Amino acid sequence: MAAARRVKRVAATQEGFLNLSPALDGSEPYKRRKKVNKNKKKNWLKYSDIQDVEEFLDDVRLQERATGGLVAEKADDSLFFLDTGDKQKDVKPDTGKTRPLKADLILRPDSHIPAPKDVLSHQQPNAKKLRRISQKAEQLAAKGRLPRKQRLLQKRLGAESKKEEKPGHSCPPQKGFYDLWGDTGAPTEEPWYLEQTKKKPVKRPARLNVKPSALPAIEVVSAGASYNPDFESHQALLLQAHVVEVKRQKEEQHIDRQLAVPQEDKATEETVFQEVVEGLMEDEEEEEAESAGEEEGDDAGTSALSAAGEKKTEKQRKKEKLEREKEKQRKAQREQTERRQQLFRLRSIKTELQRGAQLTAERQERRRAQKERQKFQPRRLGRLKFEAPDLEVQLSTEISSCLRRLKPEGSVLKDRFKSFQKRNLIEPRERAKFKRKHKLKYVEKRAFKEIT
């Protein structure tokens, strides 16, 4: 702004400049300004005379509005015209165009200064983001690629076109016609017919076809559990029940040994007497221990203070720094030596890799076998662990000679319930215990009181 004012002021001082404002014609004498200290801010507006500058700027603005610029810079042809006395004012001699009407001339603006540019009308929301997107698209186009949105749009259009190719709403032309009211009926076996009539079953996921356990639904008991078993089969079943009972007894004995009190921890007469006597000499031993502890504490405190008050010298610090650098060099040299020695261990490294691969294969085989075994075992589905039911076995003296005196064993309901748990169909459960919320309150009735 200051540069524009300076240019206009220089133009006004040149010869040929026309002043339209009477205040700048130079008729008034120049007044000498008062010398004031303008270093202070309060004197800037108080003693600064800018009247001449404002008058000059007003005159320049007037010339710009009237003629579209400074009059001194205009050509003579634009400022003057030759009056030849021609009465034909409707047609211009140079252009041949008709002159505008007086009403239109009145409505035109008087100022020759163009209207300021409306910045808001040229602004665009997210212009920076859109410009960046367009630049990115140009870079991708130069590489022969499309933007991500266009790729997704083409992919979606391709999927929709594939869907449209699939026969859906109308019967395909290659399909034959059938009589709706005839005796043959509709072709219910065709997949297209089932799909259109919503009778096609939903595709079952493959994971639902895998059984939770490989055990059979009904397990056949051994031959020894028959009502009239042979001797060998019955003895084999008794041996199996004996093994189960021995294992249960060992577990109970192990729990008893864990909970039992050791013999050396039991109190005897000597231990009781020793405890009684220890209480008499306890005070003297405590006083001696306290006095010894105070002396040791004083010695330790003085040694700690002396150690804390010592300060390392510059020589000690340099020595420690040198030792750290030497240790670092030794470590780097050791690593480099080990790296060189590995070149001579290629055969042993290869053997180790083969051994590692063999161990990995064996581990995978063990895991595969364990996974196969787990198919025949119950899993932990809840907080309780599955407990196998007791074997249904009768002793040799309990076997009856006829079906009328046969003693029933087990329950079908319990057997099915345990089978569900064993096959991982339900979690192991226990019978719900009834717990009374409120205590029972006994009240004697009036009729009972009268009798008693």
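Helices (H or I, at least four residues) and strands (E, at least two) are taken here as DSSP runs, numbered from the N terminus. The model is a predicted one, so local features need pLDDT of at least 70, side-chain atom pairs count only at pLDDT 80 or more, and totals for chains, interfaces and linings use all residues. Residues are numbered from 1 along each chain as its sequence is written, and side-chain values use heavy atoms, with hydrogens and water left out.

Of its 452 residues, 8% are buried, where buried means under 20% relative accessible area, exposed means over 50%, and partly exposed is in between (1.4 Å probe, protein chains only).

Next comes the open space. The largest pocket holds about 1,800 Å³, and 42 residues line it, with Ala388, Pro389, Asp390, Leu391 and Lys422 the closest to its centre. Two elements give two or more residues each to this lining, namely helix 9 (231-259) and helix 14 (412-422). Helix 14 puts in the largest share, ten residues. Sorted by class, the lining has 18 nonpolar, six polar and 18 charged residues. Here Ala, Val, Leu, Ile, Met, Phe, Trp, Tyr, Cys and Pro count as nonpolar, Asp, Glu, Lys and Arg as charged, and the others, Gly among them, as polar. The search ran on a 1 Å grid over the protein atoms alone: a pocket is an open set of points where a 1.4 Å probe fits, with protein on both sides within 12 Å along at least five of seven lines, and lining residues have an atom within 4 Å of a point. Grid points are joined across faces, edges and corners, and the volume is the space filled by probe spheres set on the points.

His234 sits in helix 9 and is buried, at a relative accessible area of 5%. Leaving out residues up to four places away in sequence, His234 touches Gly224, Pro229, Gln394, Leu395, Ser396 and Ile399. Asn424, for its part, belongs to the loop between helix 14 and helix 15 (446-451). Its phi is near 65 degrees, a positive value in a residue other than glycine, and at 7% relative accessibility Asn424 counts as buried.

Asn126 also has a positive phi without being glycine, in this case near 55 degrees. This residue is in the loop between helix 5 (119-122) and helix 6, and it is exposed, with a relative accessible area of 56%.

Helix 6 itself (residues 127-142) has 16 residues, which at 1.5 Å a residue should span 22 Å; the end C-alpha atoms are 22 Å apart, in agreement. The expected span is 1.5 Å times one less than the number of residues. Within helix 6 lies Ala137, partly exposed at 28% relative accessibility. Ala137 and Pro147 are ten residues apart along the chain, and their C-alpha atoms are separated by 6.1 Å. Just after helix 6, Gly144 takes a positive phi of about 80 degrees. Arg145 is in the loop that runs between helix 6 and helix 7 (148-165), and counts as partly exposed at 46% relative accessibility. With neighbours within four places in sequence set aside, Arg145 is in contact with Leu140 and Arg151.

Glu372, in helix 13 (residues 346-374), is partly exposed at 41% relative accessibility. Glu372 and Ala214 are 158 residues apart in sequence, yet 9.3 Å apart in space, C-alpha to C-alpha.

Technical notes
Contact = heavy atoms within 4.5 Å.
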